[in-house]
Amino acid sequence: MPIPIVDIFAGPGGLGEGFSSLLKLNGGRTFGIKLSVEKDPLAHQTLELRAFFRQFPPNEAPTDYYDYLAGRISREKLFAKYPEEATHATNEAWLAELGSTFTPDTTIDERIEAALGDAEKWVLIGGPPCQAYSLVGRSRVIGKMGQEHYEADPRHQLYRHYLRILARHKPPVFVMENVKGLLSAKLQKVGTFDRILADLRNPAKAMPEVAAGDVEYRLVSLTTSQVDLGGEVDPKDFVVRTEDHGVPQARHRIIIVGIRTDLGTKPALLRRTGPFTVKDAIGDLPPLRSGLSKENDSPLDWCIAIKNLAEAGWLRQSQISIPVRNGVVHALSKIAPTLGRGGDFMVGPTTPNCHADWFCDPLLEGVCNHQTRGHIRKDLYRYLFAAVFAQKEGRSPLLEDFPKTLLPKHGNVADALEETKFNDRFRVQVASRPSTTVVSHISKDGHYFIHYDPLQCRSLTVREAARLQTFPDNYRFEGSRTEQYKQVGNAVPPLLARQIAEIVAGILG
């Protein structure tokens, strides 16, 4: 039988996907998700759909599932055709908010106990929402509301719901993920991370009112052989650089693995593989054009709008280097009204230059969630310039690299130029490198996630962002495109999670 998993703060299921994808030699699953908890209704829909997919043995999902991804049948019809599997998926993926008045702790405990049965080996996974800990989120809250409001932010205490489950249910192993900004966060002048580590080592002491007896954990790093036995430990040892472990993205996150002290196992470390680049991950996906926002949009309208760049005065400014100017002119000569904007599903074979066996599913016969945004004309010009600049200079341009007439007329642009703060707000994902961190802000606009190909002149699609996050192509994100972007940005890369699952499987024997 698969080792049970309880996944809390599950998001769209990236961490759980990695664990559930680890197979035994006989083809069966090493781990099985028994309960996943998520409060966001649309992320929950994604989670539930994937739970349905996993009700079938590996590589044996029915044709109807792929018909749903391709838009040939509805979700309701899919679930109606497989009522038993749909019921299991609904029971597994639970729409609930930990700590809310609508979901009391007793209900959570009952659901966990029912999901685990009499299992002694099981794993708790998850990452409390991290906006309050991220460097950008912290500076935004303090800047707008002040330090006192920041310290009162209830998101600081969300990890205590995770801690409560540790104290009450005593899993043999847990995996907790959070943002690197947690290392420098402080509450009342005391390091937040130090507090959290102390609590995780001894959750029964931290929460005696809920503890069912004593329980203590060793906290281990996945990247160094140092083991935290309660003495001094460098917090940076818990930081995992995903680009070092096969993910085509520079995403640096805290990963803490806790091993109950009655288990004497010494864990393995993450393998170093790669690095893989943006082009390795998304270069095979169907090329698409951007859309034109706030004006007529057709392939011809788009082509004409882009080609108007040839008459722009800034193209002849001395600030622009000759290679970049020539690159823009060359790109303009290649622009043609031949590209579409994609859609919820696009038919066609895909074979990326990295992890093809992981990403591709021969039964899928295409990709889903691959549709472009619309952009205002001025942003299209900025995107094309930035993409050409990255091709010629090997880096994404800063604001000072842009012609003055292309700079946005935002009040803080001058400050950014002066202070070099947020002066990379138009960021190309350079083809020859891992991407920068895919974050939920990608749902707001595409300025930080510009495609490297100037002939497409656009920001990344949801599927491209999902590829950089290492979600398989048959993993569909539900909800509006904005909500899909949020889900992708908030997730743990599943391919990294699978490597963590291998280590945890070794711990549990």
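Helices (H or I, at least four residues) and strands (E, at least two) are taken here as DSSP runs, numbered from the N terminus. On that basis, the protein has 20 helices and 15 strands. This is a predicted model, where local features need pLDDT of at least 70 and side-chain atom pairs count only at pLDDT 80 or more, while totals for chains, interfaces and linings use all residues. Residues are numbered from 1 along each chain as its sequence is written, and side-chain values use heavy atoms, with hydrogens and water left out.

Confidence comes next. The pLDDT, which is the predictor's confidence in each residue on a scale from 0 to 100, averages 89 for the protein, and 89% of the residues score at least 70. Two stretches are worth a look here. Across residues 131-143 the pLDDT is below 50, and this stretch has 32 contacts in the model beyond near neighbours in sequence, a contact being heavy atoms within 4.5 Å. Residues 149-153 also have a pLDDT below 50, with 12 contacts counted in that way.

Among contacts with a separation of 6 or more, 74% are between residues 24 or more positions apart.

Now for a pair of helices. Helix α9 (residues 159-169) packs against helix α10 (residues 192-201) at an angle of about 15 degrees, and their axes are 10 Å apart. Axes are lines fitted to C-alpha atoms, for helices over the stretch in contact, and angles run from 0 to 180 degrees between N-to-C directions. The two helices are therefore roughly parallel to each other (under 35 degrees; over 145 is roughly antiparallel, 65 to 115 roughly perpendicular and the rest oblique). On the α9 side, Y159, R160, L163 and L166 meet R195, I196, D199 and L200 of α10. Sorted by class, this contact has five nonpolar, no polar and three charged residues, where Ala, Val, Leu, Ile, Met, Phe, Trp, Tyr, Cys and Pro count as nonpolar, Asp, Glu, Lys and Arg as charged, and the others, Gly among them, as polar.

Another pair is formed by helix α13 (residues 299-307) and helix α16 (residues 377-393), whose axes come within 10 Å and cross at roughly 65 degrees. Here W302, A305 and I306 in α13 meet R377, L380, Y381 and L384 in α16. That contact has six nonpolar, no polar and one charged residues.

Finally, E483 sits in helix α19 (residues 481-490). With a relative accessible area of 18%, E483 is buried. Beyond its neighbours within four places in sequence, E483 is in contact with D40 and L42.

Methods
Buried < 20%, exposed > 50% of the residue type's maximum accessible area, 1.4 Å probe, protein only.
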